[in-house]
Amino acid sequence: MRTPVTIVGAGLGGLTLARVLHVHGIPATVYEAEASPAARTQGGMLDIHEHNGQPALREAGLYEEFRALVLAGREAARALAADGTVLFEEGDDGTGGRPEVLRGELRRILLESLPPGTVRWGHKVGAVRALGGGRHEVTFADGTTVATDLLVGADGAWSRVRPLLSAAVPVYTGTSFVETYLYDADTRHPAAARAVGGGAMFALAPGKGIQAHRETGGTLHTYVALRRPQEWFAAAGFTGPAGAADPADPAGSVARVATEFDGWAPELTALITDGETPPVLRPLYALPAGHRWDRVPGVTLVGDAAHLMIPNGEGANLAMYDGAELGKALAAHPDDTEAALTAYEQAMFRRSAAEAADAADLHERMFGEDSPHGLIAMFTGAGAEAEAGAGAGAGAGAGAEAGAGQTA
């Protein structure tokens, strides 16, 4: 079978691209390895930004639907010391530029905006190859194939499309998150609920931190950050594929992680020890800084497939913006796909390199030797309102990115 535009991956970037193409009357087919939209959880909260995520949703004609998903009050952010003392706090009066939504709900409205049959579920890519003349063939795990005039890899950190363009592979950044949940926390875990507050909470120290976000109702979603080699996590009982690992002995692994926070306030360590789901390891990977490639006819990348970086709350926003910008470029050059891809890639390379540098700086502020003082200075210095929101995305939003975009 031959199709004009083939998108591999039904994440936010691939779906935004498909939707913007549909708005412009350009047909596309999305192939997704997962069996259905409900095959796995889609990660937690995302803050959708005024300069990239929101414009992408406007291009997709879904801005009002997005606004209906916003959870009031979740832009609030607070930084706590290890003893629970509040170091910084910012409320949410509803006027901020980074409203919070659940990733799964955002994905749902994108899926519902596409014509039936646009997404082909249960199509895991086995191989891709060039056919010549800018055309490519995708072979799926079941042996079926599709040939396409334009192939777009929206397939995340471990992209199967990327090798057509680049030999770069993601590298472990030295930091991992351990993900846990508390449910009905206001009733069952009131001290932890009070510590987190109404939005995002960070308790940071050099090389480690406890970050949590209030989701719907009393659900607290926690990401415990540790700068440790992968061997440390293996010794703590986390084993499995590169993207995520459930421990064989959850209680033992939780206890080992909790010892790294001995002496911290009990309302903070309870976010680790009282977790109501098995802890999940989320190693953080990144592509080389400034990753780019020479133009290859008929193929390109969006989102983490193109510019995987250490999570900072921008990944989902960048993926959607990539999808929208690529869709716009293709619509603007209906008779010259290569001109569209060139324009898209050159702009994407510049913005992703800038965001990757900002992400590295932010993580150093969060977990470097000056933590948490470097982050507090960013919050309280010039431009504190915008920077504070960036910090919130780096904690809770970055956790959602680690849970979704960096999974193998």
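## Contact of α1 with α4

In this predicted model, Leu 12, Leu 15, Thr 16 and Arg 19 of helix α1 meet Arg 103, Leu 106, Arg 107, Leu 110 and Leu 111 of helix α4, where contact means heavy atoms within 4.5 Å. Five of the residues in this contact are nonpolar, one is polar and three are charged. In these classes Ala, Val, Leu, Ile, Met, Phe, Trp, Tyr, Cys and Pro are nonpolar, Asp, Glu, Lys and Arg are charged, and the others, Gly among them, are polar.

Helix α1 spans residues 12-23 and helix α4 residues 103-112; their axes come within 9 Å and cross at roughly 25°. Axes are lines fitted to C-alpha atoms, for helices over the stretch in contact, with angles from 0 to 180 degrees between N-to-C directions. The two helices are therefore roughly parallel (under 35 degrees; over 145 is roughly antiparallel, 65 to 115 roughly perpendicular, the rest oblique). Their crossing is left-handed, that is, the near helix is turned anticlockwise from the far one by less than a right angle, with clockwise giving right-handed.

## Contact of α11 with α12

The axes of α11 (residues 315-332) and α12 (residues 337-367) come within 9 Å and cross at roughly 155°. This makes α11 roughly antiparallel to α12. The crossing is right-handed.

From α11, Leu 318, Tyr 321, Asp 322, Glu 325, Leu 326, Ala 329 and Leu 330 take part; from α12, Thr 337, Ala 340, Leu 341, Tyr 344, Met 348, Arg 351 and Glu 355. By class there are nine nonpolar, one polar and four charged residues in the contact of α11 with α12.

## His 307

His 307 lies in helix α10, residues 304-307. The residue is buried, at a relative accessible area of 6% (buried is under 20%, exposed over 50%, partly exposed in between, with a 1.4 Å probe and protein chains only). Apart from neighbours within four places in sequence, His 307 contacts Leu 287, Leu 318, Asp 322, Met 348 and Ser 352.

## Buried face of α8

Helix α8 covers residues 250-259, and Ser 253, Val 254, Val 257 and Ala 258 in it are buried. Seen down the axis, the buried residues of α8 fall within an arc of 135°, so they line one face of the helix; the arc is that of the directions from the axis to the C-beta atoms. Among the elements covering them are β11 (171-182), β14 (220-227), α7 (230-235) and α9 (266-273).

## Basis

Residues are numbered from 1 along each chain as its sequence is written, and side-chain values use heavy atoms, leaving out hydrogens and water. As the model is predicted, local features need pLDDT of at least 70 and side-chain atom pairs count only at pLDDT 80 or more, while totals for chains, interfaces and linings use all residues. Helices (H or I, at least four residues) and strands (E, at least two) are DSSP runs, numbered from the N terminus.
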